[in-house]
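Work through the following exercises with the sequence and the three-dimensional view side by side. Try each task before reading its solution.

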Amino acid sequence: MSRLSRKLREREFVELTRELLDSEPVRMMGRWKHHGPVTTLDHSLFVAFSTYRVARMLHMDVRAAVRGALLHDLCKAQYYKVSTRNVKNEQTGQWEKANYYMVEDSFPYGHGEKSVFLIER
């Protein structure tokens, strides 16, 4: 693929996701860790871009596929609560408080159903 072709596709991806990325619920996903140091938003953008490439290859509805992929973990934006727990310091042998994310799920649906519910609100 040429450099120009790659740039045009990247621009198309940005245009397909801009409206959602400008919304507060989607931006909120950037506040929460999902897989290690990766935020829920970063993870969802990776999934959306991978989906974008596959959908183009398979001649699918690229817009629908990208939007669904970007929103697939929307419900996790308010799913975690920052808390602390005691962790043993390997160097000193002392117990120290460390931040971690605990699940606070006041809306116990599956995360796909919950994301659809939040989108429709």
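Helices (H or I, at least four residues) and strands (E, at least two) are DSSP runs, numbered from the N terminus. The model is predicted, and local features need pLDDT of at least 70, side-chain atom pairs count only at pLDDT 80 or more, while totals for chains, interfaces and linings use all residues. Residues are numbered from 1 along each chain as its sequence is written, and side-chain values use heavy atoms, with hydrogens and water left out.

**Exercise 1.** Locate Thr 17, decide whether Thr 17 is buried or exposed, and list what Thr 17 touches beyond four places in sequence.

*Solution.* Begin with the helix: Thr 17 lies in helix α1. Next, take the accessibility classes, in which buried means under 20% relative accessible area, exposed over 50%, and partly exposed in between (1.4 Å probe, protein chains only). Thr 17 has a relative accessible area of 2%, and therefore counts as buried. Finally, look for contacts (heavy atoms within 4.5 Å); leaving out residues up to four places away in sequence, Thr 17 touches Val 66 and Leu 70.

**Exercise 2.** Describe the surroundings of Leu 21 and find how far its C-alpha atom is from that of Leu 70.

*Solution.* Leu 21 also has its place in helix α1. Its relative accessible area is 26%, so Leu 21 is classed as partly exposed. With residues up to four places away in sequence not counted, Leu 21 touches Val 26, Arg 27, Leu 41, Leu 45 and Leu 70. Although Leu 21 and Leu 70 are 49 residues apart along the chain, their C-alpha atoms are separated by 9.0 Å.

**Exercise 3.** Find how many aromatic pairs the structure holds, and describe the one formed by Phe 13 and Phe 49.

*Solution.* Rings of Phe, Tyr and Trp (its six-membered ring) pair if their centres lie within 6.5 Å; planes under 30 degrees apart count as stacked, over 60 as edge-to-face and the rest as tilted. The structure holds three aromatic pairs. In one of them, Phe 13 and Phe 49 lie 5.0 Å apart, centre to centre, with 90 degrees between the planes, which is an edge-to-face arrangement. This pair links distant parts of the chain, since Phe 13 is in helix α1 (residues 3-21) and Phe 49 is in helix α3 (residues 40-57), 36 residues apart. Phe 13 is buried at 9% relative accessible area, whereas Phe 49, at 30%, counts as partly exposed. To finish, ring pairs link Phe 13, Phe 49 and Tyr 52 into a cluster.
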